[in-house]
Amino acid sequence: MNSLGDAHFLSLPRPDILVGVPAGVADTTTLAAHDFDVDTRTGFMPPQGPLSRLPNFWESWEKALDLAMSSGLQLGQKSGLTESDRTNSEAWRFTVRQLEILPIEDLIQSEIKLRRAHHVLAWIMHFYVHSLPPAEPIIIPAPISLPLLRVSRQLQLPPVLTYSDNVLYNWHLGGGKSDRLPTIHALRCQTLFTSTTDEDEFFLTSARMELVGVEALELMRSTMDEMFVGDDIAIRRITENLRALVPIIHRLRETLLQVKKGCKPQTFYHDIRPWFRGQDSQPGREWIFEGIEQDPTLVPPVELSGASAGQSALIHSLDIFLGIDKFSHRNDMTAKDIENAMAAEHRRAAFLERMQLYMPRHHRAFLNHLSSNRLRLREFVLSAVAGTLPEASSDDETSPKDKSALLEAYNMAVTALKELRDAHLIIVTLYIIGPARRGADPGSRATPDSKPTEETKAPLKGTGGTDLVRFLKGVRDQTKNALLPNST
């Protein structure tokens with residue numbers, strides 16, 4: 001891994017979350033991390049390849065993960081498992097149970113090492129949990145549960161696989177080019193459950209979207225600067241920024257849909273997706289963290305959703321920037337319509353707020369900074385069109401043409417985001433809804449006369465634990481309803 005500069009905040013001594021900041025040491029755990037770990041060249045992705053291995057003291061964790069990937073472990077729920085498959089899985093789980101419980105004190109000074117430790121331990125845990133026979137209780141061995149809980153506490157993350165474990169910090173550059181910035185075509189995954197190109201393509205699609213979205217973050221920054229000025233020149237610049245945002249969101253949509261070229265829906269649904277599910281998507285099967293009673297500073301975790309695209313700070317940023325998360329309802333809605341819409345929005349907002357708990361905390365801080373800005377784009381557009389901007393003066397009247405152009409550009413950006421969500425629904429239908437309806441047999445096909453099973457009758461759950469279809473349609477419709485009318 002190429003070294004970060006000595007002045008980069010991730011290279012500075014890291015204070016213990018529980019102790020606080022020693023005298024003379026910069027606080028890198030809050031907003032004092034001035035760039036929120038958002039790079040101007042790579043966005044929420046780190047500009048250098050994530051650490052590929054922990055120091056030798058924790059080599060037993062790395063070896064356990066290596067063995068899991070090389071042993072061809074099978075999902076415990078998979079039909080047709082041979083005795084050899086079961087023996088192989090249990091042999092690996094036995095080695096995990098025999099590991100020594102390693103301390104993490106020497107990891108605490110390094111954010112990068114803590115991230116790698118969370119990655120390794122969480123992947124081991126998911127290999128362990130999902131290779132268990134369905135009838136067995138889920139008891140995560142203390143050699144994994146205790147260090148994972150302690151590392152997670154330091155990082156302020158749940159002790160479970162997150163989007164950052166699977167995407168943001170799960171890549172390297174092909175051809176040994178470790179000293180270069182990540183690019184869309186050079187990315188390769190570090191860790192996989194199935195070692196298939198399908199899984200590689202699934203995770204890399206999200207990573208590519210993160211890189212595509214970098215330009216959007218710069219446009220957001222520029223627009224926020226212009227809103228502070230608020231004159232007619234600033235309004236024209238904001239209009240141009242919004243117009244420039246549209247093709248970027250279109251590229252995000254195109255990148256998402258390209259997953260179809262390298263990842264087969266049946267393979268994803270049956271062989272890949274079950275590995276990174278959390279407890280929330282396994283009702284009735286509690287995950288027990290063995291040994292937690294040995295450390296009185298630890299508490300049983302309450303957040304155990306699986307990794308989800310809803311944990312991407314990039315998409316949350318677009319929502320907050322465009323004001324999709326907070327908007328006035330359409331004028332043609334009845335009181336009952338508004339009541340129902342507000343209740344649905346509350347549920348969606350609560351879920352999206354939960355998903356932020358699964359993000360790296362510096363990225364959460366970025367979103368909080370974005371949402372707490374006193375100038376919000378949607379309100380700015382409304383005020384500009386109405387001619388009520390406080391910054392405007394009688395000599396600085398915005399022309400009707402500029403007002404119309406600003407409104408049109410804003411609606412174009414919202415429409416592009418709605419189309420991105422349409423594409424997400426297409427992917428969810430292809431990769432989750434379709435295979436779920438066809439049942440456990442990948443070769444089966446649903447017909448008009450097919451009788452639904454209990455599994456297909458129940459609402460489909462996302463890896464984050466939501467009623468998947470209802471949630472995604474609700475978010476898509478909320479985006480569409482955020483369009484501003486031509487006359488305000």
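Predicted model: local features only at pLDDT ≥ 70, side-chain atom pairs only at ≥ 80, totals over all residues.
A crossing of two helices is called left-handed if the near helix is turned anticlockwise from the far one by less than a right angle.

I begin with α7 and α8. The crossing of these two helices is left-handed. Helix α7 spans residues 214-229, and its axis lies 9 Å from that of α8, at an angle of about 165 degrees. Angles over 145 degrees count as roughly antiparallel, and α7 and α8 are therefore roughly antiparallel to each other. On the α7 side, the contact is formed by Glu 215, Ala 216, Leu 219, Ser 222, Thr 223, Glu 226, Met 227 and Val 229. Helix α8 contributes Ala 234, Arg 237, Ile 238, Asn 241, Ala 244, Leu 245, Ile 248 and Arg 251. By class, the residues of this contact comprise 9 nonpolar, 3 polar and 4 charged.

I now come to the second pair. Helix α8, residues 232-257, also packs with helix α10, residues 313-322; here the angle is about 150 degrees and the axes are 13 Å apart. That angle makes α8 roughly antiparallel to α10. Helix α8 passes α10 in a left-handed crossing. Leu 242, Leu 245, Ile 249 and Leu 252 of α8 meet Leu 314, Leu 318, Phe 321 and Leu 322 of α10 in this contact. What classes of residue make up the contact of α8 with α10? There are 8 nonpolar residues, with no polar and no charged ones.

Finally, I would draw attention to Leu 245 of α8, which takes part in the contact with α7 and in the contact with α10.

Conventions. Residues numbered from 1 in each chain as written. Heavy atoms only, no water. Axes fitted to C-alpha atoms, helices over the stretch in contact; angles between N-to-C directions. Helix = DSSP H or I, 4+ residues; strand = E, 2+ residues; numbered from the N terminus. Parallel < 35°, antiparallel > 145°, perpendicular 65-115°, else oblique. Contact = heavy atoms within 4.5 Å. Nonpolar A, V, L, I, M, F, W, Y, C, P; charged D, E, K, R; others polar.
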